[in-house]
Each structure stands twice: as structure tokens, then as C-alpha cells.
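Open the model in your viewer and keep the selection tool ready. We will go stop by stop.

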Amino acid sequence: MRDGELTPGVKMNIQPKIRRAKLLESLGIDVIEVGYPGQYDKDFDEIVTIAKQLKKSTICGLASSKREEIR
């Protein structure tokens, strides 16, 4: 999901992200990569919101090797 926002000119708020996550889940995607929740507060808050909407898929957050980011 995060690659869509890396495209120049593309901005998504939480609602399109939730729709995409639900679509991926309905297609049987078991793991959804969503970004760096330990690095950006906005990502963390959105990931928690998205995860609460899903029943079967696992949300995968990435992290660097920084302790603060892993915690």
C-alpha cells in the first residue's frame, strides 16, 4: 500500500487506504505492507485504524535498525 503514496502527485487520506486494504483482504492477500509506523506518527495512527478494519490479513510494518523505531 505504501508504494502508491510514493508516486509523484499521489496523496491518499485514510478512507482510500481502508478501501484498498479491504480489497486486498477480499482477494486473499494475507500480509499487507503498510510503511514505517515507528518513524512517522501519521503512519502509526493510520496503520492502527486500518488494522482494526481487517479480519484475516496481517498488517506488516517496516522498521530500520534504530531502537526507537522498533519499539
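Start with the strands: β1 and β2 (residues 58-61) pair in the parallel sense over 4 bridges. Strands here are DSSP runs of E, at least two residues long, and helices are runs of H or I, at least four, numbered from the N terminus; two strands pair if DSSP finds at least two bridges between them. This is a predicted model: local features need pLDDT of at least 70, side-chain atom pairs count only at pLDDT 80 or more, and totals for chains, interfaces and linings use all residues. Residues are numbered from 1 along each chain as its sequence is written, and side-chain values use heavy atoms, without hydrogens and water.

Select I32. Opposite it stands I59 in β2.

Next, select the core. I18, A21, I32, V34, I47, I50 and L54 form the largest nonpolar core, with 7 residues in all. Two or more of its residues come from each of α2, β1 (31-35) and α3 (41-53). A nonpolar core joins buried Ala, Val, Leu, Ile, Met, Phe, Trp, Tyr and Cys residues through side-chain atoms within 4.5 Å. Buried means under 20% relative accessible area, exposed over 50%, partly exposed in between (1.4 Å probe, protein chains only).

Now go to S57, in the loop between α3 and β2. Is S57 buried or exposed? S57 is buried, with a relative accessible area of 10%. Show its contacts (heavy atoms within 4.5 Å). Leaving aside neighbours within four places in sequence, S57 touches E25, I29, D30 and I32.

Last, select α2. Its buried residues are P16, K17, I18, A21 and E25. After α2 comes G28, with a positive phi near 90 degrees.
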